[in-house]
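Please open the model in your viewer and keep the selection panel at hand. The stops below say what to select next and what is there.

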Amino acid sequence: MELTLWTYEGPPHVGAMRIASSMKDIHYVLHAPQGDTYADLLFTMIERRGQRPPVTYTTFQARDLGGDTAELVKKNIKEAVERFKPKTLLVGESCTAELIQDQPGALAKGMGFDMPIVNLELPAYSKKENWGASETFYQLTRTLLKEKVSSSEKISPLRWKELGRRPKVNILGPSLLGFRCRDDVIEIQRILSEQGIDTNVVAPLGASPDDIERLIDAEINICLYPEIAEASCEWLKRNFGMEYTNTIPIGIKNTIEFINEVHKKLDLPLTNKEELENKSKLPWYSKSVDSNYLTGKRVFIFGDGTHAIAAAKIAKEELGFEVVGLGTYSREMARQVRATAKDLNVEALITNNYLEVEDAMKKAAPELVLGTQMERHSAKRLGIPCSVISTPMHVQDVPARYSPQMGWEGANVIFDDWVHPLMMGLEEHLIDMFKHDFEFVDGHQSHLGHTATNTNNILNSDEKKEKNSKEGIIWTESGRAELTKVPFFVRGKVKTNTEKYAILRGIPEISDETLYDAKAYFN
Amino acid sequence: MSKVEFNKETGPREVFCGLTSIVWLHRRMPDAFFLVVGSRTCAHLIQSAAGVMIFAEPRFGTAILEEKDLAGLADAHEELDRVVNDLIARRPEIKTLFLVGSCPSEVIKLDLATVAEKLNKRFLGQVRFVNYSGSGIETTFTQGEDGALKALIPLMESSNEEKLLLVGTLANNVEDRFKKIFKNLGISNIESFPPRQSTELPKIGKNTKVLLTQPYLSDTVRDLKHRGCEIISAPFPLGIEGSTEWFLAAAKAFKINELKVHEILSPLINRAKLALESHKEILKGKRLFLLPESQLEISLARFLHNECEMDLVEVGTPYLNKDLMKEEINLLPDNTKIVEGQHVEKQLDRVRESNPDLVVCGMGLANPLEAEGISTKWSIEMVFSPIHGIDQAADLAGLFSKPLRRNQILTTKTLVTH
């Protein structure tokens, strides 16, 4: 048993619903009690979809349990097929149905339908949402393409040359309830098209079962979200020899690397790197004098594997931040996240307990948090600016405007989204220059109300803590007075540093001199 | 009784389960904690239903069953013990801990009553443990509150003191208002169940007169009767009519002169009627279809027809206790079509066919219906908003007129701009 107060991922059948709802001409019969229909509102309310997810719940009740729930399953399957006439039927069960072992998938297969039926076995007590989505997409691909395995020759990435046409690729992985997937697909298709590459199929988002059968018309697969598409890409590689890409095009460097990877695989001539860099404003914005203040900003990153890894790279290499924390809730991506963290000299945090994340955040004392909506809340409590970079989805993460994370425009969006929560460049410079101005006296910080912390509060809240703290450090009158003179926006940092210094040196009382000693020490 | 048409329907449903009532119960009793013993789905459900996000540590959580818990039941009991220990250590301010059963915990027959009993002995004087089921195979949406309240009844001490007991979760401001009005009527000993603190349970006995504020408390009512309480039969305090009848029924039980009630209520009624006018203008003659969700549907239909002059196409309810709803059904217009249960697909077919002006439904259906051009009102809002009482009648009507008014605004001709 695991105590959970909040969770980053839903159960695996919600992952299956993400695949079913992303696609056309598919219906999912889910053996589940009535309460499980809550999952519909993830799509209708969070994604603001105008259609119900293509899911029929069997809605079994306690009184059905003594009788024949298997008959109930069959009745619902029959009705769903007649009503929705899907081209492919997914059949599965939620956690409670798993316990009563009706095997709805097997039942469906015995009903004599002529459409392909995918029997989804998603162990609800050991797996989670992303795994469920990945497994569903994999089973669907496998079911729809398995007959073609024996007859098909291995697909060469250079086949387009023989056929005398532009190379074709599939974009795999984008789904509903994925972070900004809708816009990422548009951006990546545009980039590929500029490079003379056509998109054969995008799946699961917007694809039909017919499209899945057409996957092998392409030369290679773009694995855009490994959480969802890697298992399918791997299967297509094993059975059809289709190569797939490993680079996720988030950030300028990754986008360039991605383009290079695609080009190498398809044997296309490489585009000039500088020309590519000019496609986004991020490199110049980041170099511009105004961005000087970004230097070494301490950033804490937590999210799904794909976005967390990409964020770490952008933060360090493209914005000049210092990554002071990196973690993920995707255990499937733990290895990759650990590797990235090691490169950055931080210890990866792999957990699905948001309180642990909050603790780590507090300890790392970052100046910016990049996380999920949960970290946004934690950061708010700690008074740290935050930008959301990852699922789980919130209605705020489905903006009306075009707002990708990938490719050139994605890099522009990221620059804005990450930098705006911080105090802006010129603003920070000016405040620094005019810090003795009346405007920066406590209580006159109208432009930055929420992060401004009153000195008294800082000291008072700490006094409470002091009683319990091992260190038992005391701020003297002069120390306090000097601390008030420090501009509010760096006061917290100065305070922490000074205390750190005091502990290091075994100084029990912090005076104004200690503060200056600490300042010199940390310079 | 009016010639109301009763129908029953079974099939796939689109209704929340009883677990979701945790979302308002934990706000009502801030010293209580609700621990669902269930699956990841339960955890995800509460989180999704609780709205967007939590702003502090929530007063609910889930002990998620894992593979190893399903292997042997003895383990599951020990595991639950451990989880409860962790929780109490972290949240020492918890006074009452509800162990909430779910679909999976019921199917594997996890005996939460025994667990609660053991924990009660161990944490005696510190935390009280009660258990109930909010599972979707047993309960829909608001029935979870019924289960939670029923579980508290054995903890209520006996007293023969005469009192009025308001039963069902109300918004605090509505509750205060009711108490004030009852005091004006001459009923001064009034208590609420659930109380605002889980530890301040009212004492009950044969001189307790129970007035229900919510229509979904069948089991609670039965157990209160067993404890000797007298149940006052009345419609529910939604709208002017329902609230007036409700006050009158209480007054009668306390032998208060009816004239006095009218004297005290009439200024409120006049004020409310005035406030209702602008909403009535919009709602009048509009056709209403209520899909089942909160069990408030019948009372809402009565209010929207009798006071706002809407036409009722169909009144769905997830569950119908004809006895509790007797007074409400009597007030409904002739030939009202009531449908208990649900086959969501067939019901949506009827919605499309009848093309109503407004549909009351759950959140899973609202946007898809809007996309089809049908205005909707989410039923979940009724359990979160202060809608009870005469003073709130216009606010209640406002919940229904707003989507229609918005529709009008958005479809009127575009302004000429230069």
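**Stop one: an annotated position**

Select A:Asp36 and its surroundings: leaving out residues up to four places away in sequence, A:Asp36 touches A:His13, A:Tyr57, A:Ser94 and B:Thr41, where contact means heavy atoms within 4.5 Å. This is a predicted model, in which local features need pLDDT of at least 70 and side-chain atom pairs count only at pLDDT 80 or more, while totals for chains, interfaces and linings use all residues. Residues are numbered from 1 along each chain as its sequence is written, chains are lettered from A and ligands numbered from 1 in the order in which they are written, and side-chain values use heavy atoms, with hydrogens and water left out.

The UniProt annotation "binding site" covers A:Asp36; UniProt positions are given in the numbering used here, feature names are shortened, and annotations may be inferred rather than shown by experiment. A:Asp36 sits in the loop between β2 (26–31) and α2 (40–46) of chain A, helices (H or I, at least four residues) and strands (E, at least two) being DSSP runs numbered from the N terminus. Is A:Asp36 buried or exposed? With a relative accessible area of 8%, A:Asp36 is buried, a word that means under 20% relative accessible area, with exposed over 50% and partly exposed in between (1.4 Å probe, protein chains only).

**Stop two: where the chains meet**

Now colour the two chains separately and look at the contact, which takes 66 residues from chain B and 57 residues from chain A. Chain B and chain A bury about 5300 Å² between them, 61% of it on carbon and sulfur atoms; buried area is the accessible area (1.4 Å probe) that two parts lose on being put together, summed over both. Across this interface the rule finds 3 salt bridges, each a side-chain nitrogen of Lys or Arg within 4 Å of a carboxyl oxygen of Asp or Glu. Select B:Arg40 and A:Glu2 to see a salt bridge whose closest N and O atoms are 3.6 Å apart. Among the elements that give two or more residues to the side of chain B that touches chain A are β2 (32–38), α2 (40–49) and α4 (73–90) of chain B.

**Stop three: the nonpolar cores**

Next, select A:Tyr28, B:Phe34, B:Phe98, B:Phe182, B:Phe247 and B:Phe400, the residues with the most contacts inside the largest nonpolar core, which has 161 residues. Such a core is a set of buried Ala, Val, Leu, Ile, Met, Phe, Trp, Tyr and Cys residues joined through side-chain atoms within 4.5 Å. Helix α11 (residues 258–283) of chain B gives the most to this core, with 9 residues. Leaving aside neighbours within four places in sequence, B:Phe247 has contacts that include B:Phe178, B:Ile181, B:Val261 and B:Ile390.

**Stop four: backbone details**

Which bond is cis at A:Pro204? The peptide bond from A:Ala203 to A:Pro204 is cis, with omega near 0°, and A:Pro204 is found in the loop between β7 (198–203) and α10 (209–213) of chain A. Another cis peptide bond joins A:Thr391 and A:Pro392, with omega about 5°.

Select A:Thr59 as well, which has a positive phi of about 50° although it is not a glycine. A:Thr59 lies in the loop between β3 (55–57) and α3 (62–65) of chain A and is buried, with a relative accessible area of 4%. In chain B, B:Asn355 is not a glycine but has a positive phi of about 45°.
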